[in-house]
Amino acid sequence: MVFVFRVCHVLVLVLCLSAAEDFDWTKNDRGSFYYGTFPAGFSWGAGSSAYQTEGAWDKDGKGLSIWDVFTHKKGKVQRNETGDSSCEGYYKIKDDISLMKELKLNHYRFSISWPRIIPTGIKSDHVNEKGIQYYDNLIDHLLESKITPIVTLYHWDLPQVLQEKYGGWQNISMVNHFNDFANLCFERFGNRVKYWITFNNPWSVAVEGYETGEHAPGLKLRGTGAYRAAHHMIKAHAKVWHTYDTQWRAKQKGLIGISLSGDWGEPVDIGNQKDIEAAERYVQFYLGWFATPVFHGDYPQVMKDFIGRKSGQQGLGTSRLPTFSSQEKSYIKGTCDFLGIGHFTTRYITQKNYPVGRSGSSYFTDRDLAELVDPRWPDPGSEWLYSVPWGFRRLLNFVKTQYGNPMIYVTENGVSEKMLCTELCDDWRIQYYKDYINEMLKAIKDGVNVRGYTAWSLLDKFEWDEGYSERFGLYYVDFRNKNKPRYPKASVQYYKRIISSNGFPNQREVENWRKKAIETCSSSNQLLAADPLTSHMEMVTEIVVPTVCTLSILLSAIFLMFLLRRRN
Ligand code: NOJ
């Protein structure tokens, strides 16, 4: 059926898609590759987040986060895996920075674990100096290596005490606690950090944390939980932006933004007005939910209309979507120095009605749409992640037209693999990066103000409810080995070339990069294949040798005693 949709899609695409003012969709030829370079000073980076990479979950005075508690419950994460030790990034600052230097990164995006520096989440309780020291070291080492830190304040690891005491993001009191935490970060790190991100992907926190319960804290508050959590996160974001703006900006001269995720939604049939509207709704309920308040002061009209109408049909007196007062609207509007965009994939969208029934409503049924994928789209890894590079250009152009061409940093883009055996020759990842980065280059030519790009992620790491089964890293991490060694995948070589050329110089060179990258990865593969041997050798030196020595000494002593006795 998808195929039928697709055929009619392609047919109609040629005839009618020139309606958008700023972006001529007909010129968006999906097949062509654009050779050219990025503007001078374009920043190339890679990213990570605290819970996904640091490990050291209970070390040096760190408090518990909702993810520590969630992963320790059975049945929440694939194979009951946890981030307890993950990549041991907490102990590997220098090793990881040498990987970044190898890539010649301009920036590194990481997040601060709130409970690592404020164990209960409440600043007046206690500040953990050892946690502060860890981030101090990380920042100092990055700067010594001329790598700009881009720091996220909230990448999902809420202090557990705040969840237990107040219900986490369901409670408005989070706004002040988060503001205190952010203020502490500005005070202690702001002399060196010039790029701050308040929230990473609040969509996921709201929907997966409080609506479906797939993520921590695992609540299933269907139809209300996500909207409430989002409402409080938007207010918290605005407050922290104002704190930076009034108390720190003049002295520290940094920028502060938010990082939003968004899939692109393409109408299944672009000749069908209902599909066009459904696709628009898909993007508004995703990216627009957060971006519209931050840039325009209020939720997208279509969200207010749909959720309001459905709430009425359910017999509720007010909408399940909370409202902002007029003071709040003007306080929230314009609280974004730059917009972080996390983007991975695209969906085809068609209109589908979900009448309000006995089972009530949810975020998903509120949208009245269905998502489809083209079976020909490559999907090497995560179930949800199809490679659709042209969707990236469209999303970036959408941001430009909807929000007044803001400064954009791409804060996440990349692809995973799901493999039973180890594979460092990640040809498909090379293809993904090549095509997505190329679409971003086209978007810049369209006039979109993209200033930097962050490959997601530097290392393989804990992938939330999927555990370690999905690997997004440029570097492979051997999680079976307690030292968590890192090995470069072929994509390291390829990304490195894109960075050093600041784009794609010409066809011959670019094709050569791929060949060379694939050649070098086979030698890394051999290194990794030798790894069981290395672990075996470690066991020999750590266990077998000391045991044999002790036994020999004991036996010699017994033998000596025996000889002495016989003489007497
Ligand atoms: C977005 C999240 O911010 C990140 O933590 C995660 O690894 C990627 N999605 C991939 O699922």
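User: Which of the 13 residues around the ligand come nearest?
Analyst: This is a predicted model, where local features need pLDDT of at least 70, side-chain atom pairs count only at pLDDT 80 or more, and totals for chains, interfaces and linings use all residues. Residues are numbered from 1 along each chain as its sequence is written, and side-chain values use heavy atoms, with hydrogens and water left out. The nearest of the 13 are Gln-52, Asn-200, Glu-412, Trp-456 and Glu-463.

User: How far is an oxygen atom of the ligand from an N or O atom in the side chain of Glu-412?
Analyst: A polar contact here is a pair of N or O atoms within 3.5 Å. The side chain of His-155 has such an atom 2.9 Å from a ligand oxygen. For Asn-200, a polar side-chain atom lies 2.8 Å from a ligand oxygen. For Glu-412 the distance is 2.8 Å.

User: What share of the ligand's exposed area does the protein bury?
Analyst: Accessible areas come from the Shrake-Rupley method with a 1.4 Å probe. Taken alone, the ligand exposes 300 Å². The protein buries 94% of that.

User: Where does the ligand sit?
Analyst: On a 1 Å grid over the protein atoms alone, a pocket is an open set of points with protein on both sides within 12 Å along at least five of seven lines. A molecule sits in one if more than half of its atoms lie within 2 Å of its grid points. By that rule, the ligand sits in the largest pocket.

User: Which helix gives the most to the lining of the largest pocket?
Analyst: The pocket has a volume of about 950 Å³. Its lining counts 38 residues, with Trp-203, Ser-204, Glu-208, Tyr-286 and Trp-384 nearest the centre; lining residues have an atom within 4 Å of a point. Helices are DSSP runs (H or I, at least four residues), and α9 (202-210), α11 (273-296) and α14 (363-366) each supply at least two lining residues. The top contributor, with four residues, is α9.

User: What is the volume of the largest cavity?
Analyst: A cavity is a set of points where a 1.4 Å probe fits but cannot get out. The count comes to four cavities of 30 Å³ or more. The largest has a volume of about 150 Å³.

User: Which element gives the most to the lining of the largest cavity?
Analyst: Of the 18 lining residues, Ser-48, Thr-53, Tyr-108, Tyr-134 and Leu-138 are closest to the centre. Elements giving two or more residues include α2 (50-53) and α6 (129-144). With four residues, the most comes from α4.

Note on methods:
A residue is near a molecule or strand if one of its heavy atoms lies within 4 Å of it. A polar contact is a pair of N or O atoms within 3.5 Å; within protein, one must be able to donate a hydrogen and the other to accept it, and residues adjacent in sequence count only if both atoms are side-chain atoms. Grid points are joined across faces, edges and corners, and a volume is the space filled by probe spheres set on the points.
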